[in-house]
Amino acid sequence: MGDEGKSRVSVELSDGSESESFSDLVGKPSPGSQPLSGEEERERRAYQPLRVFLRVRPFSVAELENHEAQGCVTIEDPQTVILHAPKESPAMKNCERGIGHSVHKFTFSQVFGPETTQSEFFEGSTKEIVRAYVNGVNGLVFTYGVTNAGKTYTIQGTSKDFGILPRSLDMIFNYIRGRQYLKMNFKPYLSNDVKKLEEAQVKQEEAIKTTLLASLKEETESISNTVANMCHVESTSSKCTSRNLPSDSLEKNFVPIDAYRTNIHQRTQASVWVSFCEIYNEYVYDLLSVLSTLKNQRRRVLRICEDQGGNSYIKDLKWINIQSTEEGCKVLKIGNKNRSFACTRMNEQSSRSHSIFSIRLLILTDEHQPHVLGVSELTFCDLAGSERCNKTQAFGDRLKEAGNINNSLHILGKCIAALKQNQNPKMKPSYIPFRESKLTRLFQPFFCGKGKACMIVNINQHASTYDETLHVMKFSAIAKQVIQTVLPKSLGDFPPKLVGGDGKSIVRFDVNTSVDDFPDSNETFAEEEVDITILSHEDLLKTAENLKEKLVAERQSKLLLEVNIRREMAEAMFRQLLETEEAWSNRLEDMKDSYEEKLESKFELYKEAIKKHAYMCAMEQIEDHYVPIEEFIAEQEKVEDRESKILQLERQLHEQSGRLLTLGSPRSDVLNTENGVEPDLTDKMMKRANEGLQKQCLEKDELIKSLKLKIQKLNETVLEANEGYRKMAEENSRLKHTIMLKDQEMNSLQNWAKRVLELEETVSSLQKELDERKKHFSIEDSKQQKPRRGLLANLKSTVAGTASTPLGRGWGKHEEASPSKKHILFAHKAKE
Ligand SMILES: Nc1ncnc2c1ncn2[C@@H]1O[C@H](COP(=O)(O)OP(=O)(O)OP(=O)(O)O)[C@@H](O)[C@H]1O
């Protein structure tokens, strides 16, 4: 391989920021790759957010024909998608009530639009995980979405257009091409170990595989053809002819195998094993179990166990050795036949279970003296559709299935939310309920540092499933915030253990031991370990010093990392807080507006009610105080009368007081004495009279006041009455006008009636005249009948002649009437 090829390798390896070379796995730097040196760089690669990809399914022809509402999903840019709530959706109704929003924006690691091909999707999403996987990092790819959103299509694809799983197989076989370990005597065991099989066991393994593949014999042809096309590129290295085949892209982007050979020890070989199972109603079933295909036989339920490292694995799950992509596809097809599908209202071929297809790659030393160097696992999980039972109109078995599906997805959501919460140093670490469902038990290692996970969110653009889609998007938004910790193999795992056919351990491997550290394949692993007791004191001190330095450096880098993480978390939290604050303030504004509107309308209502009430009261008052005008005038006259009387009395009072004054003088005493009246008595009388008068005055004053008040009220009433009168007068004049019009109408009608009478009279006179004439003619006829027969005949012929004229036609037999009569008749006609 030339320099050009080498530089391509380094770009590939360093470009994939998350990839780890196989050399990393065995503790040696990759000679071909750019230096990924430095503790910080290693740490950076160890922490990474969960990659979440969105794939939007195109509308099918049937959906387009049904005029399915469009425009719910808009892809803003390669990372952002916007959901618009359709008119009739509950989300829109809630939004109208001031709860939530009608538009939602979501960001993803990458958004793939409806036009994305399978090949483009694989390149952009899964390829990186597969690349890390072939270099020893475990991988999990799981799809999440509502039913009928394209999850199965994305993972498996169709026989013509493969999904990410067959494409990954193709990539793996490309990678190990020429270094494939074809014997079946090393088999995956428990979660991470390898079992060395005896001859008989190998034969049994081969028999199982043959039986399994034989069950698909009839369909082999089509798979072979398609896969043969896929492998076309590998074998000939010529240009690919079909656009949809994975090898098409692999040829362009995948690193030639020779390039990896320079990085990895030449003697390594790889063996590929696959398993396929499903979790249906919280039971695990092996989809590759031949028994399960027999009719009326109950499928065996498998148990999930844990190895000594706490890693979950499915006990007694079948692992089938595959030696090509073609075989892998066949196994997939066989498993699919056993999978629980059902026809729901929303998808004719709906997956009712979570299916898990795993590929284990055993890295071995050369064929003659094989040792296991590493085991890595790539898992594809096609989750059952998240759906609401009422939407799918599920009942019976379907309802139970939906319940179980939703429950396990709910627990997955809880785990993801707890993982996210636990990343926040300020929050109390919460319990992650991995053990609450089978699915999350199997996912646990990938979320706990023992591999890389990637989530594919599938959505369709249906308005009818908008709310479910929104739920899925919200779920993915949380998942996107989960930071994955991919631990180095040495820390995260027990190294793979090789066990014999009897299950007893043969030897424990140390993944930190490089392939190059095997000087001779005959050497045992125990001999490779360094015994520190044979080191000198000085060497020991040096080693201790070195270790101390390393520790300090490690601590510093850890500290820096922690600071960085804390800062990032704080920033993220701050951003979230700002977003929340904005959302709340928006909501507050909306609520304020709506309340203001409501208040205004209430206020208007009250105003109206008050007006009405005041009007009613006024009307009642008017009724209470209503005085007829005659009574009022009489009352006014009375008042005037009283006023004049009061004036008179006042005048009298004046006079009396003048007289009293004169009486009060000394002269008056004399006068009194002279008059024979005792002065004391006079005084008393005067006083009494005075008091009486004052009392009278007061009474009169009171009366005046009350009368004035009455007058005032009466005046008001008069004014109101005047107003009423004015209105009445107006009404009256209007009525008069109407009456006048009616009178005119009546007059004209009367004229018409007169005219009719006249005409009737004229008609009757004419009738009379006519009758007389008839009589007259009949008499004359009877007189002249015999002698004048010829004449009458002449007359008749004359009449017949004149009847054709308009006059003759109009008057019939009266054609002989004199011109003067005719004239009169004409005049009558004209009158009419
Ligand atoms: N990207 C796509 N391009 C073309 N057709 C697609 C695409 N995605 C999905 N489809 C089609 O849509 C239909 C439903 O897809 P699929 O069965 O994969 O949905 P699902 O999400 O797996 O549903 P369920 O959860 O019910 O199993 C299938 O007919 C599939 O071929």
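Q: Which residues of α17 are buried?
A: The buried residues of α17 are Lys 438, Leu 439, Thr 440, Arg 441, Leu 442, Phe 443, Pro 445, Phe 446 and Phe 447. A residue is buried if 20 or more other C-beta atoms lie within 10 Å of its own, exposed if 12 or fewer, and partly exposed in between, with C-beta atoms placed from the backbone. Helices (H or I, at least four residues) and strands (E, at least two) are DSSP runs numbered from the N terminus. The model is a predicted one, in which local features need pLDDT of at least 70 and side-chain atom pairs count only at pLDDT 80 or more, while totals for chains, interfaces and linings use all residues. Residue numbers start from 1 along each chain as its sequence is written.

Q: Why is helix α17 described as largely enclosed by the rest of the structure?
A: Nine of the 10 residues of helix α17 (residues 438–447) are buried, and the helix is therefore largely enclosed by the rest of the structure. Gly 449, which follows α17, has a positive phi near 95°.

Q: What is the predictor's confidence in the protein chain, given as mean pLDDT?
A: The mean pLDDT, the predictor's confidence in each residue on a scale from 0 to 100, is 75 for the protein chain, and 69% of its residues reach 70 or more. Over residues 1–38 the pLDDT is below 50, although this stretch has 71 contacts in the model beyond near neighbours in sequence; a contact requires C-beta atoms, placed from the backbone, within 7 Å. Residues 389–394 also stay under 50, with 17 contacts beyond four places in sequence. Where pLDDT is low, the predicted coordinates should not be read in detail. For the complex, the predictor gives an ipTM of 0.98 and a pTM of 0.55.

Q: Why does Thr 147 count as buried?
A: Thr 147 has 24 C-beta neighbours inside 10 Å and therefore counts as buried. Its place is in the loop between β7 (139–145) and α8 (151–155). The "binding site" annotation of an unreviewed UniProt entry covers residues including Thr 147 and Thr 152; UniProt positions are given in the numbering used here, feature names are shortened, and annotations may be inferred rather than shown by experiment.

Q: Is Thr 152 buried or exposed?
A: Thr 152 has 24 C-beta neighbours inside 10 Å, so it counts as buried. Thr 152 is in helix α8 and touches Ser 351 and Asp 382, not counting residues up to four places away in sequence.

Q: Why does Glu 282 count as partly exposed?
A: Glu 282 has 14 C-beta neighbours inside 10 Å, so it counts as partly exposed. Glu 282 lies in the loop between β10 (269–280) and β11 (283–286), and its phi is positive, near 65°, in a residue other than glycine. Most residues other than glycine have a negative phi.

Q: Why is Asp 316 called exposed?
A: Asp 316 has 11 other C-beta atoms within 10 Å and is therefore exposed. Asp 316 lies in the loop between β14 (312–314) and β15 (320–322). Although Asp 316 is not a glycine, its phi is positive, about 65°.

Q: Why do β3 and β5 stand at the edges of their sheet?
A: The open sheet has three strands in the order β3-β4-β5, with antiparallel pairing. β3 (73–77) and β5 (103–107) each have a single partner strand, so one side of each is left without a neighbour in the sheet. Two strands pair if DSSP finds at least two bridges between them: β3 and β4 have four bridges, and β4 (residues 80–84) and β5 have five. β3 and β4 form a hairpin with two residues between them.

Q: What makes strand β20 mostly covered?
A: Eight of the eight residues of β20 (residues 452–459) are buried. Lys 452, Cys 454, Ile 456 and Asn 458 are buried on one side, and Ala 453, Met 455, Val 457 and Ile 459 on the other. β20 pairs in the parallel sense with β2 (residues 51–56) over six bridges, and seven bridges join β7 to β20, also parallel. Gly 145 stands opposite Asn 458 in β20.

Conventions
Two residues are in contact if their C-beta atoms, placed from the backbone, lie within 7 Å.
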